[in-house]
Each structure stands twice: as C-alpha cells, then as structure tokens.
Number of protein chains: 2
Amino acid sequence: MHTYEQILETAYMLFARNGYEKTSLSMIAKEVGISKPAIYYHFPSKEALFTALLDAVCEEIRFEKYFNPAEFTADNFTEKLISCGLKMIQDQRENTEYSLLMKEFMIQSTRDHQILITVQGVIESYLKGFENLLRYGVSLGVLSEEGIRTKAEMLTLAIDQMDNYMTLGIQLDYEGLWRHLVSQINR
Amino acid sequence: MHTYEQILETAYMLFARNGYEKTSLSMIAKEVGISKPAIYYHFPSKEALFTALLDAVCEEIRFEKYFNPAEFTADNFTEKLISCGLKMIQDQRENTEYSLLMKEFMIQSTRDHQILITVQGVIESYLKGFENLLRYGVSLGVLSEEGIRTKAEMLTLAIDQMDNYMTLGIQLDYEGLWRHLVSQINR
DNA sequence: GTCTATACAAAGATAGAC
DNA sequence: GTCTATCTTTGTATAGAC
C-alpha cells in the first residue's frame, strides 16, 4: 500500500477516535511510520487531509449502496425496505469509527462552509432517495400517494438518529423501531 | 453580575460558536475583560468550566420544562402533545447557540466518560418522560396500551434529530413532521 | 520522494505579587 | 479577587538537505 493511502487510513482511524482537533499530524505520522513534515508532501494541509477523508466517506455511504431501487418489486417492497434498513443499522453498529467520523464532519460543518455543503448533500441525497423509492412504491401499487415526502423525511430522520444514539450507547430496540416505522409507511 | 457568571455566559457563547477545542481561555478572558489566569481562580481547569456549563444546560432543558404532565387532560391530550413539541422546536430554532453547544457536549462525550453519563442521562430522561406521559394518556383513556415504549422512543428520536437538522440548515417541514408523528401515536 | 531542522504561534497551567 | 510573569508543551507549517 502506498504512503498516501496509509495516511488516509490512519487519519480515518485517529480522527474518528480522537476527533479532528485532538488528532495532530505528529500522531498520524508516528502511526504511519513517517516523519511529520512528510505528510505535507501528500496533503497541502491538515484541513485538506480531512476533506479528502470526507469525500471518501461520502462515497462509501451513498443511498444506493444500501437501498438499491433495482432490488425492489411489488412483492418484496416492504420487506426489502425493512431488511435494507436493518442491514444499514447493523453496519453502523459494527463500524463505530465511521459513525464517529461522521459526527466529526457534522461538528466541523458548523465552522467550515465547504464541509457543510458536503454534509448537507449526503442528507439531501437520502431524503431524495427515500422519496424516489417511495414514489416507486406508489407506482408499483403497494403504497398510497399520501404524504410521501413526510414519510421520506421520517425515514431519513430516524435512520440517521438511530446511528447517533447507538454511538452514544443508548440502548433501544433499533430493529423494532425501524420495523415499526416502515410498517407505518404503508398502512 | 459576578465574574463567575460572566465567565459562564461568555464561555457558553464562545464554546457554542467555535467549539470546545477552538475556544481558548484567552478568548474567554478577553471577552469578559479579565486576564487569562484569572479564570483559574473561578474554575480549576478548562474542562471543569465546560462541565459546569453542561450541568447548567441540562437543567435548562429538562423534559418537564416542555412537557408538563400536570397540563395534560383527557380533552387536550393530543393537542397539548403537539403544541408542547412545537414550542420546543420553536425554541430550538430561535436559540441556535444552545443546539450548537449541545452538539459539542455530544462530541466530547465520546472522549470524556463523565460527559457521556450526563448526556445519556438527558436522553434517558426524555425517553422515560415520554413513556410516562403516554402511559398517563393510556390511563386517561385517550391512547391504546400497545407499543407505548416504541412510541416514546420514536418521539424522543424525532424531536432530537429535528434539532440537529435545523442546526445543519436542512429545510424540512418540522412542524408538519411533529404533527404527523403525534397523530400516528394515538390512532 | 522523503526526511532533518527549525520557525513561529498559541495553548493550558502555575507561582507569587498586589 | 485579580494580575504579571513565566513555564512547558504542542501544534501547523516551511526551507532546504539528501
């Protein structure tokens, strides 16, 4: 593996565990096994390293990676919506570092406009993604046309906050919550 | 106003705007109009100042401040639940600094165990608060007994995440979402 | 392409004067 | 109760050698 990728992966881990501010370039360099100034050969600044990481993560969690419309049919619609959500919840539970890093991006977005735009984009893509998926469900005849947008907002809101709560160590019946939520969509 | 309170209020503002790490004691001292070491007379450390702030904020946002069970009757139950939630959403929209500071606590909670316990406590109190309130609704005969806990989890999740999204500048029909959610509770 | 040496700024904190 | 002076550490970043 090249140094560039090693830096990215190490930064991913350390930013997630310690946060952006509390992770220094020295720490990253030490972990990778290079000198601190060597990082500046690959990235112009700490901030640039951080945003490079943001872009990589955003690519990882695109809506279609979890909810692929092609897999949804009239017969399996509700069950598919439930199982895809459960898969996502499961992934988030196992991959704590991703969740922590995403939180870090959220925090930094209140101070950095470029990061804000990117983070907003991720959420908007989920809102649009759910909305399109539900409309597809309507066209399949398995959902009523009423309040599609509201339902999409609800699903986005919920799956996002469940991740936050899991990271915080709040013990909830997340699977049950998601099941309940989806079943309310198409009553 | 005493210096102690002035430090707290200034720290409140600066921690909210710049975040914990990016707010230095020098900045706080300058804003208050005292010297940096003078802060150490009132607070043993930066961290202690931060947790003192956390305790103050937690007191501010207790569940009962927004959802006072004494105000709920059989006649007004659903409407009261909606209006109390709307009031809370409105407060959060107007008081951005509180929301930002709360986010800061969330982030720090992943690194500081004492903060984690406190933050978890706030969320647990909302979970318990909604649960008790809904059970009260059952005893009044306006709600069915089914899935009370799940419904309480849903309300907590939603009102919390709506705050996050508002801070992020995501444009949603928050009032409509809350109305929809509450109306689904007691069908 | 990567490292050594170093610059420069700023942080949190302490001792002791007033 | 507040300040001056200072310590110690650590951060990001640059210049230039190899």
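Q: Which helix gives the most to the lining of the second largest pocket?
A: Helix 4 of chain A gives the most, with four residues in the lining of the second largest pocket; a helix here is a DSSP run of H or I with at least four residues, numbered from the N terminus. This is a predicted model, in which residues are numbered from 1 along each chain as its sequence is written, while chains are lettered from A and ligands numbered from 1 in the order in which they are written. Local features need pLDDT of at least 70 and side-chain atom pairs count only at pLDDT 80 or more, whereas totals for chains, interfaces and linings use all residues, and side-chain values use heavy atoms, with hydrogens and water left out.

Q: How much space lies in the second largest pocket, and which residues are closest to its centre?
A: Rolling a probe the size of a water molecule over the atoms shows where empty space is left. On a 1 Å grid over the protein atoms alone, a pocket is an open set of points with protein on both sides within 12 Å along at least five of seven lines, a cavity is a set where a 1.4 Å probe fits but cannot get out, and lining residues have an atom within 4 Å of a point. In this model the second largest pocket holds about 270 Å³ of space. Its lining has 14 residues, and A:Tyr12, A:Val57, A:Glu60, A:Asn95 and A:Tyr98 are the closest to the centre. Helix 1 (3-18), helix 4 (46-60) and helix 6 (77-94) of chain A are the elements that give two or more residues to that lining. Domain 1 (1-60) and domain 2 (61-187) of chain A each provide at least three residues of the lining.

Q: What lines the largest pocket?
A: The largest pocket, with about 340 Å³ of space, is lined by 14 residues, and those nearest its centre are B:Tyr12, B:Glu60, B:Ile61, B:Asn95 and B:Tyr98. In chain B, helix 1 (3-18), helix 4 (46-60) and helix 6 (77-94) each supply at least two lining residues, and the largest share, four residues, comes from helix 4. Domain 1 (1-60) and domain 2 (61-187) of chain B each contribute at least three residues to this lining. By class, the lining has nine nonpolar, two polar and three charged residues.

Q: How many cavities does the structure hold, and which residues lie nearest the centre of the largest cavity?
A: There are five cavities of 30 Å³ or more in the structure. The largest cavity has about 640 Å³ of space, and of its 42 lining residues A:Asp160, A:Gln161, A:Asn164, B:Gln161 and B:Asn164 lie nearest the centre. Helix 9 of chain A provides the largest share of this lining, nine residues, and the lining as a whole divides into 25 nonpolar, eleven polar and six charged residues.

Q: Which residues lie nearest the centre of the second largest cavity?
A: The second largest cavity holds about 100 Å³ of space, and A:Glu21, A:Glu104, A:Gln108, B:Glu21 and B:Glu104 lie nearest its centre among 18 lining residues. Helix 7 of chain A and helix 7 of chain B are the elements that give two or more residues to the lining. The lining has four nonpolar, six polar and eight charged residues.

How values were computed. Grid points are joined across faces, edges and corners, and a volume is the space filled by probe spheres set on the points. Ala, Val, Leu, Ile, Met, Phe, Trp, Tyr, Cys and Pro count as nonpolar, Asp, Glu, Lys and Arg as charged, and the others, Gly among them, as polar. Domain bounds come from an automatic or database domain assignment.
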